[in-house]
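User: Can you walk me through a piece of this structure? I'm new to this.

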Amino acid sequence: MKLVGKVREAHGLKGDLYVLIFSGDISWAKRMKSFGLKPKDSDEIRTFSVERTKPFKKGLIVKAAEIADRTAAEGVEHLEFFVDDDLFVSKPGETIFLSEIKNFKLKDPEQKLLGEIVDFSSNGVQDLLVVEAAGKKVEVPFVDAFIKKIDFKHQTVVMDLPEGLFDIENA
C-alpha cells in the first residue's frame, strides 16, 4: 500500500473521516475499495472497506464500513492513510503517475544513458525526477518541453535536456 495522506479529523456524527491528501490529487478516489490506517510509530496497517467518498477541502471525506460513529472516527484521527498501489496506474491517454516510471532509465535523444530514475521531488512549480548517475543524484525537471518519449515496454524515458542541466560534476 502507498502512503497518500493522513486522517485529519472526524467529520460529522456518522463516522466519516476527513483525510488530508498530501498531493491534493484525488482522481483515484472513486476507484478506491479499501484503505489502510497506521500510526506513525507502527508497522501494522489496519485495512478498512470504503462505503463512500467525496472531495472535501484539500482531500476527501471517507466513510468506512468498520467505523460506525464519531467516537470511533475520533479514535483514528492523525493516523497515516494508505491506499492500494493499483490505484496509481494510468490508462492509455491519461496523465501518468510518477510512480509508474520509478526505476526507468533516463536517456537523451541519441539514446545515451543518463541514469536511473530513483525518486521524485518538487520545487513547488514542477515535478522533479531524481536521477542517479555515476553515484550522484541529479534533479531533472519533468516538464513536457523536455520529454520526448516514455517507453513503458523498455522502461525508458527519453528527454531532450538543455545543455548543462544534467551536469553530474556539479551535482
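Analyst: We'll look at some strands, then at one residue. This is a predicted model, in which local features need pLDDT of at least 70 and side-chain atom pairs count only at pLDDT 80 or more, while totals for chains, interfaces and linings use all residues. Residues are numbered from 1 along each chain as its sequence is written, and side-chain values use heavy atoms, with hydrogens and water left out.

User: Is strand S9 mostly covered or mostly open?

Analyst: Mostly covered. Five of the seven residues in S9 (127-133) are buried. Buried means under 20% relative accessible area, exposed over 50%, partly exposed in between (1.4 Å probe, protein chains only). Strands are DSSP runs of E, at least two residues, numbered from the N terminus.

User: How many bridges join S8 to S9?

Analyst: Six, and the two strands run antiparallel. Strands pair if DSSP finds at least two bridges between them. Phe120 has Leu129 in S9 as its bridge partner.

User: What about S9 and S10?

Analyst: They also pair antiparallel, over six bridges. Val130 is bridged to Glu139 in S10. The two strands form a hairpin with two residues between them. Ala134, in that turn, has a positive phi of about 50 degrees.

User: New topic. Why does Asp16 count as buried?

Analyst: Because its relative accessibility is 11%. Asp16 is found in strand S2 (residues 16-21).

User: Which side chain does the Asp16 side chain make a polar contact with?

Analyst: That of Arg52, at 3.1 Å. A polar contact is a pair of N or O atoms within 3.5 Å; within protein, one must be able to donate a hydrogen and the other to accept it, and residues adjacent in sequence count only if both atoms are side-chain atoms.

Definitions and conventions
Helices (H or I, at least four residues) and strands (E, at least two) are DSSP runs, numbered from the N terminus.
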